[in-house]
Amino acid sequence: MEWLVATMIGLLIGCGIYLLLRSRSFPVVLGLLLLSYGVNLFVFAGGGLRVGQPPLIASGPPYADPLPQALVLTAIVIGFAMTAFVLMLALRALSELGSDRVDERHGDEES
């Protein structure tokens, strides 16, 4: 089971980095999403998953650690806000420049 989770983390992060290196803005946004999903899965898997255990300390020592769950939940909210901001930035650049390429130069800039 651990190899499956490790493979999925590697696949998500690898695909995210590949998409971040593309020249269009929409694949860059998708790359950021995949990269954040991979990091969230890494943090969640690093905290350990205990099935059937209470999330807080009860009367016994076996309990689920709530810290990775809180970190992932916070990262999901921040990732959503970051994605909305980057999408609006890409749409603004598309309307202002007429292109969605991230490496294209316009105007009087020197090449």
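## Burial in helix α2

Buried means under 20% relative accessible area. By that cut-off, the buried residues of α2 are Ser25, Val28, Val29, Gly31, Gly38 and Asn40. The model is predicted.

Helix α2 covers residues 25–46, 22 residues in total. From its first C-alpha to its last, α2 reaches 31 Å. That is close to the 32 Å expected at 1.5 Å a residue. Just after α2 comes Gly48, with a positive phi of about 85 degrees.

## Confidence

The protein chain has a mean pLDDT of 83. Of its residues, 79% reach 70 or more. Confidence in the chain is highest in α1, at a mean of 93. It is lowest in α3, at 89.

## What α2 packs against

Which helices do the buried residues of α2 pack against? They pack against α1 (2–20) and α3 (66–97).

Two packed helices are described by the angle between their axes and the distance between the axes. The axes of α1 and α2 come within 7 Å. They cross at roughly 155 degrees. Angles over 145 degrees count as roughly antiparallel, and α1 and α2 are therefore roughly antiparallel to each other. The crossing in which α1 passes α2 is left-handed.

## Gly38

Gly38 sits in helix α2. Why does Gly38 count as buried? Its relative accessibility is 0%, and the cut-off for buried is under 20%.

Which residues does Gly38 contact, leaving aside its neighbours within four places in sequence? The contacts are Ile9, Leu12 and Ile13.

## Helix α3

Helix α3 has 32 residues. It reaches 46 Å from its first C-alpha to its last, close to the 46 Å expected at 1.5 Å a residue. Gly98 follows α3 and has a positive phi, near 80 degrees.

Which residues of α3 are buried? They are Pro68, Val72, Gly79, Thr83, Val86 and Ala90. What covers these buried residues includes α2.

Note on methods:
Residues numbered from 1 in each chain as written. Predicted model: local features only at pLDDT ≥ 70, side-chain atom pairs only at ≥ 80, totals over all residues. Heavy atoms only, no water. Helix = DSSP H or I, 4+ residues; strand = E, 2+ residues; numbered from the N terminus. Expected span 1.5 Å × (residues − 1). Buried < 20%, exposed > 50% of the residue type's maximum accessible area, 1.4 Å probe, protein only. Contact = heavy atoms within 4.5 Å. pLDDT = per-residue confidence, 0-100. Axes fitted to C-alpha atoms, helices over the stretch in contact; angles between N-to-C directions. Parallel < 35°, antiparallel > 145°, perpendicular 65-115°, else oblique. Left-handed = near helix turned anticlockwise from the far one by under 90°.
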